[in-house]
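Okay, thanks everyone, I'll keep this short. Have a look at the model on the screen while I talk.

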Amino acid sequence: MRRSEDFTDAVRGGARSGTRRLVVHLRTAENTAPTAPRAGLVVSKAVGNAVERNQVKRRLRGLLASRISALHDGDKLVVRALPAARGASSAALGEDLDAALSGARRRAVRR
């Protein structure tokens with residue numbers, strides 16, 4: 001995702017689930033034209049300096065690449081890194097991402 005409207009739609013209208021290192025917002029598609037699922041990252045300055053933020057972004061992008069196919073057409077996913085993500089390994093971030101995604105999916109079904 002690149003447009004702020006897409007981020008706002010996912011964050012305000014989506015199901016939220018979090019872990020110690022990540023918060024996930026998942027907006028499920030509602031009878032829209034079939035489009036590929038989209039994902040975006042939010043890594044604020046609270047995570048660390050520019051080098052640390054970019055490391056976290058690279059790790060999360062790699063993890064999302066293998067998980068985006070599990071989303072349905074039209075879904076929007078926003079992953080927000082928390083300060084604890086700075087020192088986390090890719091494996092730890094992957095576990096947190098999987099846990100947060102499954103929680104967001106459960107909450108999205110209830111809506």
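This is a predicted model: local features need pLDDT of at least 70, side-chain atom pairs count only at pLDDT 80 or more; totals for chains, interfaces and linings use all residues.

Residues are numbered from 1 along each chain as its sequence is written, and side-chain values use heavy atoms, with hydrogens and water left out.

Helices and strands here are DSSP runs (H or I, at least four residues, for helices; E, at least two, for strands), numbered from the N terminus. Pairing of two strands means that DSSP finds at least two bridges between them.

Let's start with β4, residues 76–81. Buried means under 20% relative accessible area, exposed over 50%, and partly exposed in between, with a 1.4 Å probe and protein chains only. In β4, 5 of the 6 residues are buried, so the strand is largely enclosed by the rest of the structure.

Which strands does β4 pair with? There's β2, residues 22–27, antiparallel over 6 bridges, and β3, residues 38–43, parallel over 6 bridges. To get your bearings, Val 23 has Arg 80 as its bridge partner, Arg 27 stands opposite Lys 76, and Leu 41 stands opposite Val 79.

Now β2: 6 of its 6 residues are buried. Leu 22, Val 24 and Leu 26 point one way, and Val 23, His 25 and Arg 27 the other. β2 also runs antiparallel to β1, residues 15–18, with 4 bridges, and a hairpin of 3 residues joins β1 to β2.

Here's one to check on screen: β3, helix α2 (residues 50–67) and β4 make a left-handed β-α-β unit. Right-handed would be a clockwise path from the first strand over the helix to the second, with the strands pointing away from the viewer.

On to the core. A nonpolar core is a set of buried Ala, Val, Leu, Ile, Met, Phe, Trp, Tyr and Cys residues joined through side-chain atoms within 4.5 Å. The largest one has 21 residues, and Val 79 and Leu 97 are among those with the most contacts inside it. β2, α2, β4 and α3 each give two or more residues to this core, and α3 has the largest share, 6 residues.

Last stop, Arg 86, in the loop between β4 and α3. Arg 86 is partly exposed, at 36%. Contact means heavy atoms within 4.5 Å; beyond four places in sequence, the contacts of Arg 86 include Glu 52, Val 56 and Arg 59. The C-alpha atoms of Arg 86 and Val 56 are separated by 6.3 Å.
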